[in-house]
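Work through the exercises below with the sequence and the model open side by side. Try each task before reading its solution.

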Amino acid sequence: MDLRAAHVGGPKIHVIEGVLTVWLLHRIVRAWAGPFAAAALQKAVQTGRLLPLITCGVWVGLAFQTKMLQAWLVLPVFAVVYQLTAPNPPLQRALRLLLSGAVTLAVSCSWVLIAWVTPAANRPYVDATSNNNPFSLVFGYNGLSRFSDDATAFGAVPAAGRMTGNTGWGMLVNHTVGPQIAWFLPLAVLAVVTALVWRAREPRTDLLRAGFLLWGGWLTVHAVVFSVSNGNHVYYTAVLAPAIAALAGGGLALFWSAYEAGGRRRLWLPSAIALTVAWALVLDRPTWFASRLLVFAVIFAVCAAFGLWPSASRASRRLVQGSVAAGIAATLLVPAGWAVSSLDPHFAGASTSPTAGPVGEFHHRALHDPPALRRAELDRPSARDTALLDYLVAHRKGEKYLLATQAAYPAERLLRAQAQPVLVMGGFTGKTPFPSAPQLANLIATHQLRYVLLTHLRPTTPATSAHGLGLLRLPGCPLDLPRRGHPPPREGPRTLRRQLRLCPAGVRIPLARSLTGQPPSAAGGPGSPGTDERDSRVAAMQG
């Protein structure tokens with residue numbers, strides 16, 4: 001597994017990425033649909049044409065190439081919305097759905113089929129599988145293993161660090177996930193239920209009801225899947241953002257129309273504002289992180305409720321406009337405070353599992369270990385990482401790989417500094433059975449690999465186990481395996497040069513420290529940035 005990475009371009013790049021993300025989210029939810037699959041489906045429902053429905057299938061298939069089975073979660077919703085609301089005859093709608101589904105399947109499985117028919121000797125090993133089968137990656141590791149007690153279902157390898165705590169029916173509103181995604185969740189639910197009730201007597205092809213049905217189904221299906229899975233990282237819930245944004249915005253627009261029309265339905269607008277602020281209090285209560293902002297939010301909400309309680313015909317236009325502005329400020333104030341907090345490294349979470357506010361394992365670890373914040377930066381490698389890389393590059397003699405690492409996480413730190421070819425033994429999780437001990441021995445014998453970075457903090461593979469490394473030992477060259485509790489040598493470039501000595505008779509793996517030090521007690525789980533392998537060993541090998 002050859003892993004390369006380009007140097008991350010610093011804080012300015014992160015700012016640009018953030019702006020582009022907000023712009024993309026706006027494009028997705030504006031006018032209900034925006035671009036991509038949801039937009040194509042909406043166009044197919046509105047026009048009754050086949051091409052937009054086929055385009056929808058293509059977009060979902062392309063999404064499958066990124067997130068695999070998660071991309072298919074929207075398919076039942078899309079099928080129901082199209083079958084219920086498209087203007088075409090029932091049989092034609094069904095046949096077109098089948099055709100679009102076939103396109104989705106073909107585009108989705110294109111890479112899987114190509115990898116499957118390619119001889120294993122002519123392609124890379126399929127990560128996260130025990131049998132080198134791409135279908136095991138899709139339907140095992142990224143499928144069945146996430147919903148069953150069998151972590152090795154369908155040829156998968158056990159997942160690394162899947163957060164088993166973020167599951168269950170209260171997952172979306174717990175103290176960690178809730179402040180990341182659920183600020184407008186009650187408003188979204190209220191909007192979709194109210195819209196479906198109010199527009200129940202509209203024609204079958206009513207586009208407004210179809211929009212609420214689309215985004216409501218999107219939200220419901222994902223919420224159910226997250227709740228019944230065996231664990232989720234917080235950032236998985238970002239897929240709910242388009243649905244919640246569309247439903248919250250569409251709901252407020254619906255409530256505003258009801259307010260202008262007068263009657264009892266006018267009270268839904270101030271009630272929705274009050275509900276959203278009350279929910280912000282519930283989410284903020286475990287930490288009271290934004291308690292000062294919450295005070296102002298409550299004040300604004302009270303002003304909005306009193307200003308919007310009378311009918312629009314009785315209130316002055318200036319009062320209504322001011323009340324609406326106060327209501328919008330009340331709903332956005334606390335979520336904005338949590339979002340802005342992510343600009344502070346103390347409240348940004350891990351780079352591979354970002355969160356906002358004083359929640360998450362990384363935040364609590366950083367409270368007791370402030371240097372962890374420095375080690376978490378993606379754009380500035382540590383001096384020790386740089387020193388290690390400089391030595392390896394200087395002593396590289398035409399080998400294909402600069403270094404082999406035990407799992408992906410030790411490699412990530414080094415690749416932040418330079419884009420060098422690194423062989424990741426064990427793959428992403430460290431449990432993939434590649435390379436085998438004979439394969440590793442062959443790489444060394446053919447001068448394709450010279451250095452190996454080992455650690456007892458990651459799982460062993462057939463090649464990195466004591467037995468596998470024993471196969472590499474040649475006569476007259478001792479093999480020093482990592483020993484727990486061994487006192488660390490003094491670290492620095494001179495120490496590294498002294499430890500990375502070659503054995504003329506064959507192979508020597510000296511007891512060494514990696515120049516990426518962090519105590520094991522401070523090391524995070526898989527996916528935690530800056531997880532420095534204090535007990536790493538660098539093996540210098542010569543065939």
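A residue counts as buried when its relative accessible area is under 20%, and as exposed when that area is over 50%. The model is predicted.

**Exercise 1. Which residues of helix H7 are buried?**

Step 1. Locate helix H7 at residues 134-141.
Step 2. Apply the cut-off of 20%. Pro134, Ser136, Leu137, Val138, Gly140 and Tyr141 of H7 are buried.
Step 3. Six of the eight residues in H7 are buried, so the helix is largely enclosed by the rest of the structure.
Step 4. Look for the cover. Helix H3 (50-67) and helix H6 (110-117) are included in what covers the buried residues of H7.
Step 5. Inspect the ring of Tyr141. The charged end of Arg146 sits over that ring, 5.5 Å from its centre.

**Exercise 2. Describe the chain as a whole.**

Step 1. Assign the secondary structure. The chain has 21 helices and seven strands.
Step 2. Take the buried share. Of the 543 residues in the chain, 48% are buried.
Step 3. Sort the contacts by sequence separation. Consider those between residues at least 6 apart in sequence: 68% of them join residues at least 24 apart.

**Exercise 3. Classify the ring pairs of Phe289.**

Step 1. Start from the total: the structure holds 14 aromatic pairs.
Step 2. Take Phe289 and Trp338. Their ring centres are 5.2 Å apart and their planes stand at 75°, so this pair is edge-to-face.
Step 3. Phe289 is in the loop between helix H12 (268-284) and helix H13 (291-308), while Trp338 is in helix H14 (residues 317-341). The two are 49 residues apart, and the pair links distant parts of the chain.
Step 4. Compare accessibilities. Phe289 is partly exposed at 28%. Trp338 is buried at 1%.
Step 5. Take Phe289 and Phe347. The centres are 5.0 Å apart with 55° between the planes, and the pair is tilted.
Step 6. Check Phe347 against the cut-off. Its relative accessibility is 19%, and it counts as buried.
Step 7. Collect the cluster. Trp183, Phe289, Trp338 and Phe347 form one aromatic cluster.

**Exercise 4. At what angle do helices H11 and H12 pack, and which residues make the contact?**

Step 1. Read the geometry. Helix H11 (residues 241-261) and H12 pack at about 145°, with their axes 8 Å apart.
Step 2. List the contact residues. H11 supplies Leu252, Phe255, Trp256 and Tyr259; H12 supplies Trp268, Leu269 and Ala272.
Step 3. Sort them by type. Seven are nonpolar, no residue is polar and none is charged.
Step 4. Focus on Phe255, in helix H11. Phe255 is buried at 0% relative accessibility.
Step 5. Find its partners, leaving out residues up to four places away in sequence. Phe255 touches Leu187, Leu190, Ala191, Thr194, Trp198, Trp268, Leu269 and Ala272.
Step 6. The charged end of Arg265 sits over the ring of Trp198, 4.4 Å from its centre.

**Exercise 5. How many disulfides does the structure hold?**

Step 1. Recall the bond. A disulfide is a covalent bond between the sulfur atoms of two cysteines.
Step 2. Apply the cut-off: the sulfur atoms must be within 2.5 Å. The structure holds zero disulfides.
Step 3. Cys56 is buried at 4%. Cys303 is partly exposed at 45%.

Methods
Residues are numbered from 1 along each chain as its sequence is written. This is a predicted model: local features need pLDDT of at least 70, side-chain atom pairs count only at pLDDT 80 or more; totals for chains, interfaces and linings use all residues. Side-chain values use heavy atoms; hydrogens and water are left out. Rings of Phe, Tyr and Trp (its six-membered ring) pair if their centres lie within 6.5 Å; planes under 30 degrees apart count as stacked, over 60 as edge-to-face and the rest as tilted. Helices (H or I, at least four residues) and strands (E, at least two) are DSSP runs, numbered from the N terminus. Buried means under 20% relative accessible area, exposed over 50%, partly exposed in between (1.4 Å probe, protein chains only). A charge sits over a ring if NZ of Lys or CZ of Arg is within 6 Å of the ring centre and within 35 degrees of the ring normal. Axes are lines fitted to C-alpha atoms, for helices over the stretch in contact, and angles run from 0 to 180 degrees between N-to-C directions. Contact means heavy atoms within 4.5 Å. Ala, Val, Leu, Ile, Met, Phe, Trp, Tyr, Cys and Pro count as nonpolar, Asp, Glu, Lys and Arg as charged, and the others, Gly among them, as polar.
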